[in-house]
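Reader: I would like to learn how to read a model like this one. Please take me through it step by step.

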Amino acid sequence: MEEAEKQTLDGFLKWAAELGITDSPHPPSPDSHPPNSCLGYSLAVSHFPQSGGRGLGAVRDIRRGELVLKVPKSALLTRESLLKDKTLASALSNCSSLLSPTQMLAVCLLFEMGKGKSSSWYPYLVHIPRSYDLLATFSEFEKNALQVDDAIWTTEKATSKAKSEWREVTALMKDLNLKPQLLTFRAWVWASATISSRTMHLPWDGAGCLCPVGDLFNYAAPEEESNDLDDVESETHTPLEGISLSNGEGAHILDGEQMDAHSQRLTDGCFDEAVGAYCFYARRSYKMGEQVLLSYGTYTNLELLEHYGFVLDGNPNDKVFIPLEPDMYCLDSWPKDSMYIGQDGKPSFALLSALRLWAASPKQRKSLGYLAYSGSKLSVENEISILKWISKSCHTILDDLPTTVEEDALLLSTIDNIQIDHEALEWKEELRAFEGELCAFLECNSLREGKHGAEFLISEKTRRSLERWRLAVQWRFSYKKILVDCISYCNEIINSSSSQVF
Ligand SMILES: C[S@@+](CC[C@H](N)C(=O)[O-])C[C@H]1O[C@@H](n2cnc3c(N)ncnc32)[C@H](O)[C@@H]1O
């Protein structure tokens with residue numbers, strides 16, 4: 001970390017301590033001086049290049065269920081706290097019924113940013129990232145690099161939502177005399193992305209809150225997520241949404257019974273009314289030096305990309321939906337979004353059940369339908385026919401995409417090399433296999449190839465575009481990998497079942 005960066009970080013952690021933020025269960029008594037940092041007892045800010053960059057590491061061994069951070073209500077940046085500014089409050093009061101809570105918080109955030117160093121939140125605001133990689137920030141090239149219609153459509157939807165929300169608040173932001181650079185669509189996307197990727201759930205405010213220091217926890221997917229329909233239905237997509245893990249006043253560790261009750265829940269941070277603070281508990285035990293992670297909720301990789309701007313390798317909650325005809329899902333009552341192929345390449349319970357019924361004869365359906373509902377096979381022939389159908393569908397999807405999973409793996413490692421070593425001359429050789437896509441990247445970034453290859457220095461803007469291109473390729477790679485694994489899974493079962501038939 002550079003010296004200047006370290007100094008502002010130290011200043012921020014001191015400011016946070018003065019607000020009562022602490023990683024210790026034994027805060028100083030009210031009449032003593034606040035410590036120089038809110039961290040140091042359980043956590044420290046550190047860099048984790050493989051999982052989220054800046055994050056929080058354990059400075060001691062931490063036990064599962066321990067309280068690791070407490071952020072008092074008064075230290076949360078909310079609409080309520082920012083609306084203490086009278087100018088802002090009066091401007092917003094005229095149009096509050098026309099705007100969503102998130103739009104209002106975004107306007108409040110931009111207004112506060114406009115105050116610069118005179119904002120009381122400045123020590124915190126200065127540490128919020130200045131750019132994001134959420135789908136709404138993707139250029140046309142980056143969007144097309146996703147290749148899959150569903151993902152492209154989700155990106156277009158995210159961009160058009162951001163545009164229409166921005167248009168709706170433009171007059172208000174002009175009334176507030178925001179500086180020209182804070183009135184732009186770029187600034188709006190920044191504020192919306194800050195809220196999408198950093199806010200935490202509050203029971204009383206639909207926009208949630210920005211939680212200084214608490215928003216430095218990087219993400220780990222909730223473990224042991226089952227494919228039960230109950231879980232599918234109870235999934236939540238609120239950013240960093242919390243479910244109460246409250247243990248009552250003065251208690252700092254969840255007991256075994258409480259952990260059991262909560263261990264399957266979706267998050268490990270929540271606002272605790274009894275304590276009057278946002279409380280973060282360790283979801284598992286950590287060794288000193290390990291990164292302490294938070295589960296923001298259950299997300300597929302496309303959802304992570306849309307709401308948080310990253311993709312998780314081996315995300316246990318990732319899914320691929322294959323096209324189904326209406327007669328395939330009208331025979332039962334499974335919701336359509338429960339019919340998918342899981343991250344391990346296995347078809348979900350509901351998909352298998354629906355297809356077993358669809359492939360059965362009317363007579364079989366009548367006499368053996370109950371087996372399908374309970375997740376059992378109807379017959380070897382029925383099973384082979386549906387696995388063949390699934391495998392063929394996966395092949396069709398893969399064949400329609402412009403690159404293979406192997407090509408994507410190669411492109412990913414090439415982009416990684418470019419990110420590590422910006423030697424422009426190596427570009428051309430390494431990327432020859434992806435000439436079309438490379439040309440589009442160069443063109444979109446107003447770069448041209450010289451006679452020795454791509455002769456240019458990578459600007460900050462190009463570096464960011466390269467990162468988003470990488471994310472798009474990483475996403476499509478994990479998507480295709482699921483389909484490839486599903487084909488192998490189906491073939492394996494078909495082969496072993498065929499030997500039973502013949
Ligand atoms: C709440 S912030 C976490 C702290 C953040 N790393 C920072 O420096 O401010 C959420 C953002 O961190 C990054 N992030 C969190 N977990 C990640 C992970 N497992 N892999 C990659 N990026 C992650 C994403 O950019 C995400 O939008």
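Author: Start with confidence. pLDDT is the predictor's confidence in each residue, from 0 to 100. Two residues are in contact if their C-beta atoms, placed from the backbone, lie within 7 Å. This is a predicted model: local features need pLDDT of at least 70, side-chain atom pairs count only at pLDDT 80 or more, and totals for chains, interfaces and linings use all residues. Residues are numbered from 1 along each chain as its sequence is written.

Reader: What is the mean pLDDT of the protein chain?

Author: The mean is 87, and 85% of the residues reach 70 or more. Residues 225-251 fall below 50, yet this stretch has 58 contacts beyond near neighbours in sequence. Residues 256-266 also stay under 50, with 14 contacts beyond four places in sequence. Where pLDDT is low, the predicted coordinates should not be read in detail.

Reader: Which domains make up the protein chain?

Author: Domain bounds come from an automatic or database domain assignment. Here they give domain 1 (3-76 + 214-307), domain 2 (79-210) and domain 3 (318-502). The centres of domains 2 and 3, taken over C-alpha atoms, are 33 Å apart.

Reader: Where does the ligand lie?

Author: A residue is near a molecule if its C-beta atom, placed from the backbone, lies within 6 Å of it. The shell around the ligand has 16 residues, with Gly52, Arg54, Ser197, Asn218 and Tyr219 the closest. Domain 1 and domain 2 both contribute to this shell, so the ligand lies between them.
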